[in-house]
Amino acid sequence: MIWNIFFMFGGVAAMMIGMKVMGSALEKVAGGGMKKLLGKVTTNRFAGVGVGVAVTSIIQSSTATTVMLVGFVNIGLMTLVQAANVIMGANIGTTVTAHIVSLSGIGQIDIGSIAAMIGCVGILMAMLIKNEKIENIGNILAGLGLIFVGLEFISTYAKLIMFANDGGSFILDANGEKVPFEWVRFLFQGEHFPLLLIIIGIVLTALVHSSSTITSLMVVLASINVLSFENALFLALGSNIGTCITSIMSSAGTHVNAKRTAIFHLLFNTFGCIIFIAPLWIWKAEVTSFFSSISNDVGQQIAVFHTLFNIVTTLVLLPLVQYVVKLTCFIVPEKKGEEDDRFNFAYIDERLLSTPPVAVGNTKNEIIRMSKYAIDNINDSVEMLLNEGEDNTDAIHSNEEVINHFNKAITAYLTKLMSKELSDEDDKKVGSYYHVVSDVERVGDYAENIMEYSERLRGEEMVFSDEAKAELKELLSLVNSLYKKAIEAFDKRSVEILSEVDKLEQEIDDLSAELENKHIERVKEGMCTAELGSIYLQTVSNLERVGDHITNVAFSIRQYRHSHAYINKDLKTV
């Protein structure tokens, strides 16, 4: 009996690993599509529900989707109402797993054996063919095979545990049919108070963090006549509530709207449970008869009920979503004084690490945001240098603190992201982002240098000539033009724009050399002091180096952009 229990739990482990492997590989294959889908979420409630269904069908977990949504709302990429619509769709999408599991009971064909063989083919594809897409498809097939291998173990050893006594013989009824032990009959088939079954479903799902796993187990146990259909219905209601625990835990330490997202998920599933509990309890026989007319297989009946529960709950609550959101806001009130500040991430969040393709895309946006602080500091420092009445010291120091904070924070986030399963392209992107963050941080350092030159000028009561000021403004204008083009190339991953970036950088180099020569001539002619000339030349040199670092940001895309057209920055050729 003990060995049988070990084997059964090994089957559970194999099934859960299979779900993880298949979901992860599907996520890699459809990563770009998921980002586009999530980017199209609008206030249109039906579009939101559709996106929720699509994304969760891909990653096979409503919990993962909701945790991701908590992250999106926390960083302001999505409103609470938009997230609410997606959550309703996610609950429908997560029922796909139960239908996959229920396939093993269809007809005379042994679907489990076929899936197991497909899994073996998938492993061979992933091991022998050195192509990322083929490898991901192989992992999808391998994960599917593992799910059915796990189900076979669960089914086989659950029968031995539930039906056989210690001597290896079976308990038979008057008709010679195998029946479970009395304790098994009472536990899984007895008449229980529905609330107790719902609580058991909540607890079990909260422990494994997956309603799909618990529902799949119910499908298997019902298929081998261990779990009654009536009891499975109430366990399924509880599992839908229990799956909210993970998202509630993930919302700890987030902003108020992120907490509300997790609570909305709980309210939605709780209201669905309330809607169904009375009809299931009062008209138990009629409900059983209805689902029996749909399919003769009890496992498939449970899978259909799980889907129907989420569809009906969505249809009922979709028109009322605004009121449910208001109730959520009442339960989680706004905290006075809670405001976003510049040190908070605007696009990335720890919760997004569970969906690497989305996290990689949002990290790019966070780096662009960091770069804006750096270029603002350059402009503020030069303005302070050229205008005696300007004092941007506090603003520059403040922005520099933000830049240094993001340098450390984004680097730490990239390190965590590198430990995730990434596609080859995303892996190269993350590697290049380390260098980009460093380049942006160096731009901020040059701004501090220029600010210090300004303080020296004022301390020694020196002033640039109008000609020198005009020259520095011209150079700064080129730097700003370069920044705009470089960030556009980095954002769009456009190789075509790199030629414009390269041209602007060359103009900055040429102008810097020209200005240095002009100023040296002014010093020789006695039109400028050596001390003032030194500050001027250092400023020109700093701005030229700023141009180099900005150019590096643009050219970082060559490391992961798939194209035969590329720019050779050193040779200045296309």
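Student: Is valine 501 buried or exposed?
Tutor: Quick ground rules: this is a predicted model, where local features need pLDDT of at least 70, side-chain atom pairs count only at pLDDT 80 or more, and totals for chains, interfaces and linings use all residues. Residues are numbered from 1 along each chain as its sequence is written, and side-chain values use heavy atoms, leaving out hydrogens and water. For accessibility, buried means under 20% relative accessible area, exposed means over 50%, and partly exposed is in between (1.4 Å probe, protein chains only). Valine 501 has 0% relative accessibility, so it counts as buried.

Student: Which residues does valine 501 touch, not counting those up to four places away in sequence?
Tutor: Valine 501 sits in helix H22, residues 495–524; helices are DSSP runs (H or I, at least four residues; strands are E, at least two), numbered from the N terminus. Alanine 554 is 53 residues away from valine 501 in sequence, yet their C-alpha atoms are 7.5 Å apart. With contact taken as heavy atoms within 4.5 Å, valine 501 meets Leu482, Lys485, Ala486, Thr551, Ala554 and Phe555.

Student: How many helices and strands are there in the protein chain?
Tutor: The protein chain has 574 residues, and buried ones make up 52% of them. Among contacts with a separation of 6 or more, 78% join residues 24 or more positions apart. The DSSP count for the chain is 23 helices and zero strands.

Student: In which helix is confidence lowest?
Tutor: The score here is pLDDT, the predictor's confidence in each residue, from 0 to 100. The protein chain averages 80, with 83% of the residues scoring at least 70. Residues 562–574 stay under 50, and the model gives them 25 contacts beyond four places in sequence. Among helices, the highest mean is 92 in H21 (residues 466–492), and the lowest, 56, belongs to H9 (residues 182–189).

Student: At what angle do the axes of H11 and H16 cross?
Tutor: Axes are lines fitted to C-alpha atoms, for helices over the stretch in contact, with angles from 0 to 180 degrees between N-to-C directions. Under 35 degrees counts as roughly parallel, over 145 as roughly antiparallel, 65 to 115 as roughly perpendicular, and the rest as oblique. H11 (residues 211–223) and H16 (residues 298–317) come within 7 Å, crossing at roughly 150 degrees. That makes the pair roughly antiparallel, thanks to an angle of roughly 150 degrees.

Student: How many charged residues are in the contact of H11 with H16?
Tutor: Thr215, Met218, Val219, Ala222 and Ser223 in H11 meet Val298, Gly299, Ile302, Ala303 and His306 in H16. Nonpolar covers Ala, Val, Leu, Ile, Met, Phe, Trp, Tyr, Cys and Pro, charged covers Asp, Glu, Lys and Arg, and the others, Gly among them, are polar. By that scheme there are six nonpolar residues and four polar ones, while the charged count is none.

Student: What is the phi of arginine 493?
Tutor: Arginine 493 lies in the loop between H21 and H22 and is partly exposed, with a relative accessible area of 27%. Phi is positive there, in a residue other than glycine, at near 55 degrees.
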